[in-house]
Amino acid sequence: MKASKRYRFETLAVHAGHEVDPGTGAVIAPIHLSTTFERDADGSYPHGFIYSRNHNPNRNGLEAALAALEGGAVSAAFGSGLAAVTAIMQGLQPGDHVIAPADIYHGTANVLKHLFAKWQVGTSFVDMTRIDTVAQAIRPNTRLVWIETPSNPLLQCVDIAALAELAHRAGARAIADNTFASPVLQRPLTLGCDMVMHATTKYLGGRSDVLGGAVIALHDDDAFAQVRQAQLFGGGVPSPFDCWLVMRSLPTLPYRMQAHCANARKVAAFLHEHPKVSVVHYPGLPDNPFHALASRQMSDFGGMLSFEVAGGKDAAMTVAGKVDIFTRATSLGGTESLIEHRASIEGPDSKTPQGLLRVSIGLEHADDLIDDLTQALEHVQ
């Protein structure tokens, strides 16, 4: 690809980071499993590779592709989404302060509450749907504003541009977890964020067969250098095969997301009208409180939704226990539709409503998914 030319997303998804193998002419890159690389007699590395924890051809390709898709300058790939989160937080110093959403992925909350709290990094978990609440939470030592939109599991949306501006005025960085949206639907770097984080396990991998994470930065600056240092020194890198698997999925990402979104809109509309469903959390519904904001900063509304079954936990567990097509499993973004009782996953401290089921809408026919939920809901008394 010509680096000087601006390509559309679908073209980037197919070609960015994908290069014809110079040794064989293979159109699809081989998997470079070697952990180490030969030096020249003078001690130099003529091919640019030293050791696979430092760099690997498959990881280089993935990082180049993800940077291109998010509109960033650089990217660092990790062995999991939480490894990517941890690498970002390792750039903080003892005494620094983080602002994060109250409705946050519980894994990220655990990183802040348990790993970094003991390093004297403080976190304020606030309602980030209210800009004034975030502004009141800012301290002189606030260094990072963590943005998650749509949120997990209530699908709340926050104003990325406004939060990024607020962070920058306070001398802090704005970093967005873009996992639920994917770069197809939402571009936080364009909206003012300094970095974007992904669990590549989800929509980017797309097949529920590879674990991974990534950090993409708008600039190759000192903050990103700290992420790269955490990647190298901490060693939480993905394997060459894992990188290859994610790269295999990227060309279909824009078209998979179209189908995920279309199916989710139909399922959400069905659930919205069902008498045994008390509320549906999906920004694509016209009466959803975040619909206008999501319409402004997203190109579509995503494949994730959650809904609350009238009758609380027992009713929700009944629905989850009676589905046929949906799989009761924890994750999202794969071709198959998943359902889970979210509060049970999050543990005894969960603030998620007990009647809530989180749903990842897959690529099955939407009418079959609706039929499955129809018969499952019939078992609720």
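Contact, in these exercises, means heavy atoms within 4.5 Å. Helices (H or I, at least four residues) and strands (E, at least two) are DSSP runs, numbered from the N terminus.

The structure is a predicted model, in which local features need pLDDT of at least 70 and side-chain atom pairs count only at pLDDT 80 or more, while totals for chains, interfaces and linings use all residues. Residues are numbered from 1 along each chain as its sequence is written, and side-chain values use heavy atoms, with hydrogens and water left out.

**Exercise 1. Describe how helix α3 packs on helix α4.**

Step 1. Begin with the residues in contact: L82, V85, T86 and M89 in α3 meet G107, T108, V111, L112, L115 and F116 in α4. By class, this contact has seven nonpolar, three polar and no charged residues, where Ala, Val, Leu, Ile, Met, Phe, Trp, Tyr, Cys and Pro count as nonpolar, Asp, Glu, Lys and Arg as charged, and the others, Gly among them, as polar.

Step 2. Turn to the geometry, for which axes are lines fitted to C-alpha atoms, for helices over the stretch in contact, and angles run from 0 to 180 degrees between N-to-C directions. Helix α3 (residues 81-89) and helix α4 (residues 106-116) have axes 10 Å apart and pack at an angle of about 45°. That makes α3 oblique to α4, because angles under 35 degrees count as roughly parallel, over 145 as roughly antiparallel, 65 to 115 as roughly perpendicular and the rest as oblique.

Step 3. Finish with the handedness: the crossing of α3 and α4 is right-handed. A crossing is left-handed if the near helix is turned anticlockwise from the far one by less than a right angle, and right-handed if clockwise.

**Exercise 2. Work out how α10 and α14 are arranged.**

Step 1. The axes of helix α10 (residues 253-273) and helix α14 (residues 366-377) come within 9 Å and cross at roughly 30°. The two helices, α10 and α14, are therefore roughly parallel to each other, and α10 passes α14 in a right-handed crossing.

Step 2. On the α10 side the contact is made by N263, K266, V267, F270 and L271, which meet A366, L369, I370, L373, T374 and L377 in α14. Sorted by class, the residues of this contact are eight nonpolar, two polar and one charged.

**Exercise 3. State how domain 1 and domain 2 meet.**

Step 1. The chain is divided into domain 1 (9-250) and domain 2 (253-378), with bounds that come from an automatic or database domain assignment. The C-alpha centres of domain 1 and domain 2 lie 26 Å apart.

Step 2. In the interface, 33 residues of domain 1 are in contact with 35 residues of domain 2. The area buried between domain 1 and domain 2, meaning the accessible area (1.4 Å probe) that two parts lose on being put together, summed over both, is about 2800 Å², of which carbon and sulfur atoms give 62%.
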